[in-house]
Amino acid sequence: MNIVGVTACPTGVAHTYMAQEAIEKECKKRGYEVKVETQGSMGIENELEQEEVDAADVVILAIAIGIDGEERFEEKEDDGKVIRIDPGAVIKNPASLIDQAEQL
């Protein structure tokens with residue numbers, strides 16, 4: 001499975017990076033390809049290319065604020081392959097999130 005995502009929280013510090021780490025750890029544990037873009041106080045890091053989004057099986061938007069470039073995910077959204085979740089929920093239970101991704 002190939003998963004991409006974006007994490008962003010209002011302050012753009014702790015939860016943004018903790019959610020990124022939680023998603024990456026759980027995906028690696030399951031042997032999945034994963035790339036997570038962060039949009040935080042440092043700006044956009046690890047930016048997803050459109051080709052990476054198009055190739056993904058699932059997109060995880062662990063965001064608590066509006067993000068730049070959200071239009072990149074419209075086609076996946078139309079296909080029902082986008083999960084929107086609060087970054088705090090990802091940090092608390094990343095396994096549940098990836099279980100949900102597997103069901104899509």
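Q: Between which two elements is the loop in which Asn 46 lies?
A: This is a predicted model, in which local features need pLDDT of at least 70 and side-chain atom pairs count only at pLDDT 80 or more, while totals for chains, interfaces and linings use all residues. Residues are numbered from 1 along each chain as its sequence is written, and side-chain values use heavy atoms, with hydrogens and water left out. Helices (H or I, at least four residues) and strands (E, at least two) are DSSP runs, numbered from the N terminus. In these terms, the loop that holds Asn 46 runs between β3 (43-45) and α2.

Q: What is the phi of Asn 46, given that this residue is not a glycine?
A: Most residues other than glycine have a negative phi. Asn 46, which is partly exposed with a relative accessible area of 38%, has a phi that is positive, at about 60 degrees.

Q: Is Gln 20 buried or exposed?
A: Gln 20 lies in helix α1, and contact (heavy atoms within 4.5 Å) links Gln 20 with Thr 7, Val 36, Thr 38 and Asn 46, leaving aside its neighbours within four places in sequence. The classes of accessibility are buried (under 20% relative accessible area), exposed (over 50%) and partly exposed in between, with a 1.4 Å probe and protein chains only. Because its relative accessible area is 15%, Gln 20 counts as buried.

Q: Which elements are included in what covers the buried residues of α1?
A: The helix has 16 residues and reaches 22 Å from its first C-alpha to its last, close to the 22 Å expected at 1.5 Å a residue, where the expected span is 1.5 Å times one less than the number of residues. Its buried residues are Thr 16, Ala 19, Gln 20, Ala 22, Ile 23, Glu 24, Glu 26 and Cys 27. What covers these buried residues includes β1 (2-8), β2, β4 (58-63), α4 (87-92) and α5.

Q: At roughly what angle do the axes of α1 and α5 cross?
A: Two packed helices are described by the angle between their axes and the distance between the axes. Here the axes are lines fitted to C-alpha atoms over the stretch in contact, and angles run from 0 to 180 degrees between N-to-C directions. The axes of α1 (residues 14-29) and α5 (residues 94-103) come within 9 Å, and their crossing angle is roughly 65 degrees.

Q: How many residues apart are Glu 52 and Lys 35?
A: The side chains of Glu 52 and Lys 35 meet in a salt bridge (3.0 Å, N to O). The pair links distant parts of the chain, with Glu 52 in helix α2 (residues 50-55) and Lys 35 in strand β2 (residues 33-40). Both are partly exposed, Glu 52 with a relative accessible area of 27% and Lys 35 at 21% relative accessibility.

Q: With which residue does Glu 77 form a salt bridge?
A: Glu 77 counts as partly exposed because its relative accessibility is 34%. In its salt bridge, the closest N and O atoms are 3.0 Å apart, and the partner is Arg 84.

Q: Which residues does Val 34 touch, not counting residues up to four places away in sequence?
A: The place of Val 34 is in strand β2, and its C-alpha atom is separated by 13 Å from that of Thr 7, 27 residues apart along the chain. With that exclusion, the residues touched by Val 34 are Ile 3, Ile 23, Glu 24, Cys 27 and Lys 28.

Key:
Salt bridge = Lys/Arg side-chain N within 4 Å of Asp/Glu carboxyl O.
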